[in-house]
Amino acid sequence: MENNYEYIVSACLCGENCRYDGRSTLSEKVRKLVDEGKAIMVCPEVEGGLPIPRHPCEIRDNKIVNTQNEDKTEEFISGAEKVLKIAEKHNIKKAILKEKSPSCGSSFIYDGTFSRKLIKGQGITTRLLRENGIEVKSDEEFDGSF
């Protein structure tokens with residue numbers, strides 16, 4: 001049976017406990033796409049080899065660092081590349097990803113100071129997908145249709 005996936009979606013939005021804090025941020029609208037066979041769940045950070053739970057990460061000076069000041073850029077890039085390969089394999093041109101995430105943020109990310117201050121910006125995975133012609137919306141923008 002051939003799958004006709006239309007979307008890549010953040011797994012945490014579908015109830016998967018894969019966020020840095022070991023929790024999810026369920027969006028019923030996004031989960032419905034998976035249940036209907038229209039979307040593939042991904043977590044770029046887990047795809048890149050990071051554990052659950054993990055120290056929070058933010059983008060600072062074009063690097064991804066965690067609260068322990070460890071550089072996790074390589075893991076984030078690896079995860080983003082794996083997500084892009086999944087999208088290409090299934091010819092997916094749309095993604096719905098978790099806003100504010102250093103991987104998945106599409107309009108806003110945290111400023112790198114771990115003070116919960118948001119700035120305009122995009123996460124590593126969002127940037128790579130957009131550079132490769134994939135349209136990205138955040139979970140906050142997604143209203144059930146794309």
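Visitor: Does Ser138 count as buried or exposed?
Guide: This is a predicted model, in which local features need pLDDT of at least 70 and side-chain atom pairs count only at pLDDT 80 or more, while totals for chains, interfaces and linings use all residues. Residues are numbered from 1 along each chain as its sequence is written, and side-chain values use heavy atoms, with hydrogens and water left out. Buried means under 20% relative accessible area, exposed over 50%, and partly exposed in between (1.4 Å probe, protein chains only). Because the relative accessibility of Ser138 is 1%, Ser138 counts as buried.

Visitor: In which strand is Ser138 found?
Guide: Helices (H or I, at least four residues) and strands (E, at least two) are DSSP runs, numbered from the N terminus. Ser138 belongs to the run of residues 135–138, which is strand 8.

Visitor: Leaving aside neighbours within four places in sequence, with which residues is Ser138 in contact?
Guide: Contact means heavy atoms within 4.5 Å. Once the neighbours of Ser138 within four places in sequence are left aside, its contacts are Ile96, Leu97, Glu99 and Ser106.

Visitor: What is the strand order of the open sheet of four strands?
Guide: Two strands pair if DSSP finds at least two bridges between them. Strand 1 (residues 7–10) and strand 2, for example, pair in the parallel sense over four bridges, and Val9 stands opposite Met41 in strand 2. The pairing in this open sheet is parallel, and the order is 2-1-5-8.

Visitor: Which strands stand at the edges of this sheet?
Guide: An edge strand here has a single partner strand, so one side is left without a neighbour in the sheet. The strands to which this applies are strand 2 and strand 8.

Visitor: What is the average twist from one strand to the next?
Guide: Axes are lines fitted to C-alpha atoms, for helices over the stretch in contact, and angles run from 0 to 180 degrees between N-to-C directions. From each strand to the next, the twist averages 25 degrees.

Visitor: Across which strands does helix 4 lie?
Guide: Helix 4 runs at about 170 degrees to strand 5. Its buried residues are Ile124, Thr125, Thr126, Leu128 and Leu129, and they pack against several elements, including helix 2 (44–47) and helix 3. The strands that helix 4 lies across are strand 5 and strand 8.

Visitor: Which members of the largest nonpolar core touch the most other members?
Guide: A nonpolar core is a set of buried Ala, Val, Leu, Ile, Met, Phe, Trp, Tyr and Cys residues joined through side-chain atoms within 4.5 Å. The largest one has 22 residues, and those touching the most other members are Ile8, Ala95, Leu97 and Leu129.

Visitor: Which element supplies the largest share of this core?
Guide: Strand 2 (39–42), strand 3 (57–60), helix 3 (73–89), strand 5 (94–97) and helix 4 (124–131) each supply at least two residues of the core. The largest share is five residues, and its source is helix 3.

Visitor: How far is the sulfur of Cys104 from the closest cysteine sulfur?
Guide: A disulfide is a pair of cysteine sulfur atoms within 2.5 Å, and by this rule the count comes to zero disulfides. Cys14 is in no disulfide, the nearest cysteine sulfur being that of Cys12, 8.0 Å away. Cys104 is buried, with a relative accessible area of 4%. Its closest cysteine sulfur also lies in Cys12, too far for a bond, at 6.7 Å.

Visitor: With which residue does Lys98 form a salt bridge?
Guide: A salt bridge is a side-chain nitrogen of Lys or Arg within 4 Å of a carboxyl oxygen of Asp or Glu. Lys98 lies in the loop between strand 5 and strand 6 (108–110), and its partner lies in the segment after strand 8, 41 residues apart. Both residues are buried. The closest N and O atoms are 3.2 Å apart, and the partner is Asp139.
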